[in-house]
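The entries follow in the order I looked things up.

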Amino acid sequence: MDWGMANRLSRIIQKNGHTLVMPVDHGYFQGPTRNLEEPRKTISPLLPYSDALFITRGVLRSCVDPDNAKPIILRVSGGSSMVGKDLANEGIITSMEEAIRLNVSAVGISIFVGTDYEKESLLNLAKLANEGERYGIPVMAVTAVGKELEKRDARYLALASRIAAELGARVVKTYWCENFEKVAGGCPVPVIMAGGPRVDTELEVFNFIYDGIQKGAIGVNLGRNIWQNAFPIAMIKAIRAIIHENATPNKAQEIYDHEKGK
Ligand code: 5RP
């Protein structure tokens, strides 16, 4: 791997091989998502506990100070919305030149395997990977499911993740699922887990993150289950412990309970 590519990846993936990426890109299709209405207020207190941010150029420029940032994964796909016809109908919204100008560590793009826009999204990934390889910028592919959350099973996610890697993604972001080892094991590049909509209890989140890490994920790219929690700092500290200190779900729960009482 070329020096620039390796250097950028090493900013995101820590020395222990793990990472906690904080996604705050949701507004690009959801508008002012709950608890992300004013991104700076959400991002600032979580920044010290995040290894990288997943963010669009608009929120990066307006809500993150350039002298106090973390490595940036720039979301570069978009063009559809929650109220539009089809969330899968995305294009590339930000150029590689702009990514370089913003000094990002990686770019991120969603792919929509199995939809009417499968081919466009996969060709967009391939084009982005070609440009990323030219400039030494890793591409993170997001195996998006749009509103079809029921698609999140091992068969589908393993298929989509493998295709993303085959087409040139240096990192794949996908969902946790039962039998996650089939997803991570079939994907020859590092796999990071997204969170999805908020689940009922903190322990559920700790359980799936712990399980995914044991089965080969290198970390998370998990937003709403942190910043929509009533105690986001407690939540991110507990999750960091699972990712970086191999804490069990029960230990993470202890950390959460202790931190939220502060
Ligand atoms: C939205 C995204 C998010 O980065 C991803 O879904 C992770 O966030 P969450 O944990 O809230 O699902 O790609 O398009």
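I count a residue as buried if 20 or more other C-beta atoms lie within 10 Å of its own, as exposed if 12 or fewer do, and as partly exposed in between. I keep in mind that this is a predicted model.

Entry on the loops. I looked up asparagine 35 and found it in the loop between helix 2 (27-30) and helix 3 (39-46). With 19 other C-beta atoms within 10 Å, asparagine 35 is partly exposed. Its phi is near 70 degrees, a positive value in a residue other than glycine. I noted the background: most residues other than glycine have a negative phi.

I then turned to asparagine 103, in the loop between helix 5 (96-101) and strand 6 (106-111). Asparagine 103 also is not a glycine and has a positive phi, about 55 degrees. I list asparagine 103 as exposed because 12 other C-beta atoms lie within 10 Å.

Entry on the core. The largest nonpolar core holds 87 residues, and Ile73, Val107 and Ile239 have the most contacts inside it. Helix 11 (residues 232-245) gives this core its largest share, seven residues. I checked what isoleucine 73 touches, leaving out residues up to four places away in sequence; among its contacts are Ile12, Val21, Phe54, Val107 and Met140.

Entry on the ligand. Which residues come nearest to the ligand? Of the 13 around it, I wrote down Pro23, Ala194, Gly195, Gly223 and Arg224. I sorted the shell around the ligand by type and got five nonpolar, six polar and two charged residues.

Technical notes
Residues are numbered from 1 along each chain as its sequence is written. This is a predicted model: local features need pLDDT of at least 70, side-chain atom pairs count only at pLDDT 80 or more; totals for chains, interfaces and linings use all residues. A nonpolar core is a set of buried Ala, Val, Leu, Ile, Met, Phe, Trp, Tyr and Cys residues joined through C-beta atoms within 7 Å. Helices (H or I, at least four residues) and strands (E, at least two) are DSSP runs, numbered from the N terminus. Two residues are in contact if their C-beta atoms, placed from the backbone, lie within 7 Å. A residue is near a molecule or strand if its C-beta atom, placed from the backbone, lies within 6 Å of it. Ala, Val, Leu, Ile, Met, Phe, Trp, Tyr, Cys and Pro count as nonpolar, Asp, Glu, Lys and Arg as charged, and the others, Gly among them, as polar.
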